[in-house]
Amino acid sequence: MRTNITLEEALEILLRQSPPIESIHVPLLESVGGVLAEDVFCDVNMPPFDKSPLDGYAVRSEDIKNASRDEPIILEVVDFIPAGYMSRKKVSQNQAVRIMTGAKLPEGVDVVIRFEETNFTDQEVKIYNAYPSGANISRMGEDMEVGDLVLKAGSVIDAPEIGILATLGKGYVHVYRKPRVAILATGSELLEIQQPLTEGKIRNSNSYTIAAQVKKLGAEPLMLGICDDDIETIKSRLKSTLGWADIIITTGGVSVGDYDLAKEAFQEVGAEILFWRVKMKPGTPIAVAKYEDKLIFGLSGNPAAAYITFEQFVRPIIQKKAGKSTYKFMEVHSVLENEFNKISSQNRFVRAITYYKDRKYYTKLPEKHSSGVLSSLAGTNSLLYIPAGTGPYKAGEEIKVQLLNHPEVL
Ligand SMILES: Nc1nc2c(c(=O)[nH]1)N[C@H]1C(S)=C(S)[C@@H](COP(=O)(O)OP(=O)(O)OC[C@H]3O[C@@H](n4cnc5c(N)ncnc54)[C@H](O)[C@@H]3O)O[C@H]1N2
Ligand code: MOO
Ligand SMILES: [Mg+2]
């Protein structure tokens, strides 16, 4: 078992263990928020024909090359084309057709002129300017052409992707199945959230925080509830979900206490511990085990430690298993608004509120930041990363923060 490893080593070990899960075929609209499991190539030119982008007159540039305000050219109007219809006529010398936005251009024309720049009757149209050949025409294939790779496997499906797939006539699409994430809170001090508090006990907040984090990523959480610090109970809960889950997350019981039994339980159900303890605060004692193609994350019981280690380690793995190709947080330079005096011997993540104003990022740190404090995580959207041995940081200093709502390419 590897121990006391760096953040980078931990992430590398985890990413290596996490190929995407299988794909499923779903109706188009059910794929919103999912990850595309296939490259999508264009099999029809868009637009499929040269079309008018304006309501106006389609003409031949040749006929109007001498047009001017003083000496307009008069063309005979030979047809009228609404969108969705086609003209059977070929436009000849000194002729024009009245054409609506989206309609297919008739043969012979090479320019469209908007109504506002003309004067017209039912029979004729006056043109006051010359236009180069090709002016105001949407060319066949200018949006997408047959053979173009329009969407790559690994892209997240949002509204524009749905529109593209619809354009290509795809009623069904291959997406990766949502990762299934089981969540178990260990600790004999824990009560279910509706239970009244009794002496020495606290309510299980971790399972809910983590289920919310899982849901936010579009994965499927399953809360396994709470269980005592008893190895047989922990093992039986793990076994009950090994068949269903792609990822299991436990909280509590990963440090060195007499009742910290998570690691032993992982091993006794047949999982191999990949590492225990990472050089970071909070969440140092994180333990991760592998069982077949599943990962079991043993996160610290301390609420902020569990939250932050989820964001650093579980989140990229859920995203990679979900088929995403982007799973690293966006990091930005920001101006620290209040000082941070603690000098840490460990790499440290500090919860933060970062906002953008007048073309700069600014970051505020809440007063409380210990790993057992949950309340001050509320409203935070970023993490200040403090490498071991650096600091103290003064107000006004430039720092780097991770923005938790902006994953980018690894
Ligand atoms: N002798 C040492 N003691 C500790 C060390 C150490 O290095 N040497 N490390 C400390 C650090 S750092 C952390 S982090 C914690 C990790 O503890 P565990 O993962 O073993 O978690 P527990 O002991 O079970 O609980 C810690 C804390 O969190 C509360 N908790 C647990 N589960 C929940 C839950 N579901 N919802 C809300 N709160 C929960 C629990 O009551 C404890 O207060 O170990 C230090 N000790
Ligand atoms: O590593 Mo421990 O995270 O909470 O202080
Ligand atoms: Mg403990």
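Let's start with who touches whom: among contacts in the protein chain between residues at least 6 apart in sequence, 72% join residues at least 24 apart. Keep in mind as you look around that this is a predicted model.

Now for the overall build. The protein chain has 6 helices and 24 strands. Its radius of gyration is 31 Å, while the globule rule gives 22 Å for 410 residues; that is well over the rule, so the chain is more spread out than a compact globule. As for burial, 37% of the 410 residues count as buried.

Domain 1 covers 2-22 + 177-324, domain 2 covers 25-46 + 142-176, domain 3 is 56-127, and domain 4 is 328-409. Take domain 1 and domain 4: their C-alpha centres lie 25 Å apart. Where they meet, domain 1 puts in 16 residues and domain 4 puts in 14 residues. Which helix gives the largest share of the side of domain 1 that touches domain 4? That's helix 6, with 7 residues. Sorted by class, this side of domain 1 has 8 nonpolar, 5 polar and 3 charged residues.

Helix 6 turns up again when you look at the ligands. Ligand 1 has 27 residues around it, and the ones that come nearest are Ala185, Asn206, Gly252, Ser255 and Gly301. Helix 3 (206-216) and helix 6 (303-321) are the elements that give two or more residues to this shell.

What about ligand 2? Around it you'll find Lys281, Pro282, Gly283, Thr284, Ser300, Asn302, Ala305 and Ser371. That shell comes to 2 nonpolar, 5 polar and 1 charged residues.

Finally, zoom in on strand 4 (residues 56-59), which has partners to trace. With strand 6 (residues 95-99), strand 4 runs antiparallel, and 3 bridges join the two. Find Gly56 and you'll see it standing opposite Ile99 in strand 6. Strand 4 also pairs with strand 7 (residues 111-114), again in the antiparallel sense, over 4 bridges. Here, Ala58 has Val112 of strand 7 as its bridge partner. While you're looking at strands, here's a handy rule: in a regular strand, side chains alternate between the two faces of the sheet.

Note on methods: Residues numbered from 1 in each chain as written. Chains lettered and ligands numbered in written order. Predicted model: local features only at pLDDT ≥ 70, side-chain atom pairs only at ≥ 80, totals over all residues. Near = placed C-beta within 6 Å. Nonpolar A, V, L, I, M, F, W, Y, C, P; charged D, E, K, R; others polar. Domains from an automatic or database assignment. Contact = placed C-beta atoms within 7 Å. Pairing = 2+ DSSP bridges. Rg over C-alpha atoms; globule rule 2.2 N^0.38 Å. Buried ≥ 20, exposed ≤ 12 C-beta atoms within 10 Å, placed from the backbone.
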